Amino acid sequence: MVRKIAGYILSPIHYIAFGLILLIFHPIQWVCLKLGGYNWHKTSVDILNLCLISSYYILGNSVRFTNQHDLPTDRPILFVSNHQSMYDIPPLIYFLRKHHAKFISKIELTKGIPSISFNLKYGGGANIDRKDSKQSIAEILKLANRMKEKNWSAVIFPEGTRAKSANIKPFSGGGIATIIKKVPNVLVVPIAINNSCKVVQYGAFPLGTFNKMSWTVLDPIEPKDLTIDEIVSTSEDRIRDYLTSRPFH
């Protein structure tokens, strides 16, 4: 009850800060892209997401990103993660910044959202129309080509939609299969996200407060000699086992 009351007080402050960050960085992204191309634009996006993460602390929520693996930067990586809320995204972008991690997003998000829509249009990810399977596959293939050519990485949420709880949904292998077939040297790395769902446990208002949110990089998976089903099930099992054995309260 105390946390919910705190949410009524702190949520408006958080939303104002979050919105101002998006508004401020929209023209900054435009200038960086026009003057410095991809590298300047990416730097502005990294800083944007660091600022967005800082707005989580207004709610008393904490962020912990744990990576005990020496992940390569000279080959593409496919990060496979569960998905609990929109608050999953900024830490993934910021803490995976040296891997140039791109996202597969709904095409609807490319319009109307300051900073976010601009980055989705020009950041190099895949923007898919879920009602058009041909367009979706073509976009993912374009992303896969960029991964292969530039050693970029991608983040995929195989649940297909946000779980909105700690109980993950069954993983689908469609997007994973498309990327692995097109990028044969890709490394698959599961990431377990815990407790970001509690930020939106009451919906958009009030937001949840004083939660320990974590992003944990799990053991990498070498796709060689494994079937797509084995890769998908191994990723799902590792994430599920981690969340079951290390719950936050």
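Biologist: Where does methionine 1 lie?

Modeller: Methionine 1 sits in the segment before helix 1 (2-56); helices (H or I, at least four residues) and strands (E, at least two) are DSSP runs, numbered from the N terminus. Mind that this is a predicted model, where local features need pLDDT of at least 70, side-chain atom pairs count only at pLDDT 80 or more, and totals for chains, interfaces and linings use all residues. Residues are numbered from 1 along each chain as its sequence is written, and side-chain values use heavy atoms, with hydrogens and water left out.

Biologist: Why is methionine 1 called exposed?

Modeller: Buried means under 20% relative accessible area, exposed over 50%, and partly exposed in between (1.4 Å probe, protein chains only). Methionine 1 has 76% relative accessibility, so it counts as exposed.

Biologist: Which residues make the nonpolar surface patch?

Modeller: Met1, Ile5, Tyr8, Ile9, Tyr15 and Phe205 make it, and it covers about 680 Å².

Biologist: Back to helix 1, where glycine 37 has its place. What makes glycine 37 partly exposed?

Modeller: Its relative accessible area is 24%, and that value falls between the 20% and 50% limits, so partly exposed is the label.

Biologist: Why is one side of strand 1 and of strand 4 left without a neighbour in the sheet?

Modeller: Start with the order: it's an open sheet of seven strands, 1-7-6-2-5-3-4, with mixed pairing. Strand 1 (62-66) and strand 4 (126-128) stand at the edges with a single partner strand each, so one side of each stays without a neighbour.

Biologist: How do you know that strand 3 and strand 4 pair?

Modeller: Two strands pair if DSSP finds at least two bridges between them. Strand 3 (residues 101-106) has three bridges to strand 4, so they qualify, and they run parallel. Isoleucine 104 stands opposite alanine 126 there.

Biologist: What makes strand 2 mostly covered?

Modeller: Five of its five residues are buried. Ile77, Phe79 and Ser81 point one way, while Leu78 and Val80 point the other way.

Biologist: Which strands are joined to strand 2 by bridges?

Modeller: Strand 6 is joined to strand 2 by five bridges, running parallel, and serine 81 has isoleucine 191 as its bridge partner. Strand 5 is joined to strand 2 by three bridges, also parallel, with leucine 78 partnered by alanine 154.

Biologist: Which residues of helix 5 are buried, and what covers them?

Modeller: In helix 5 (residues 174-182) they are Gly175, Ile176, Ala177, Thr178, Ile179 and Ile180. The cover includes strand 2, strand 3, helix 4 (133-150), strand 5 (153-156), strand 6 and helix 6.

Biologist: Helix 4 holds glutamate 139 and glutamate 149. Why is glutamate 139 called buried?

Modeller: Glutamate 139 is at 16% relative accessibility, below the 20% limit, so it counts as buried. It touches Gly125, Ala126, Asn127 and Ile128 (contact means heavy atoms within 4.5 Å), not counting residues up to four places away in sequence.

Biologist: And why is glutamate 149 called exposed?

Modeller: Its relative accessibility is 63%, over the 50% limit, so exposed it is. The C-alpha atoms of glutamate 149 and arginine 75 are 9.9 Å apart, with the two residues 74 apart along the chain.

Methods:
Patch = residues over 30% accessible without salt bridge, like charges linked within 9 Å, V, L, I, M, F, W, Y side chains within 5 Å. Areas by Shrake-Rupley, 256 points an atom, 1.4 Å probe, with all protein chains shown as cover. Salt bridge = Lys/Arg side-chain N within 4 Å of Asp/Glu carboxyl O.
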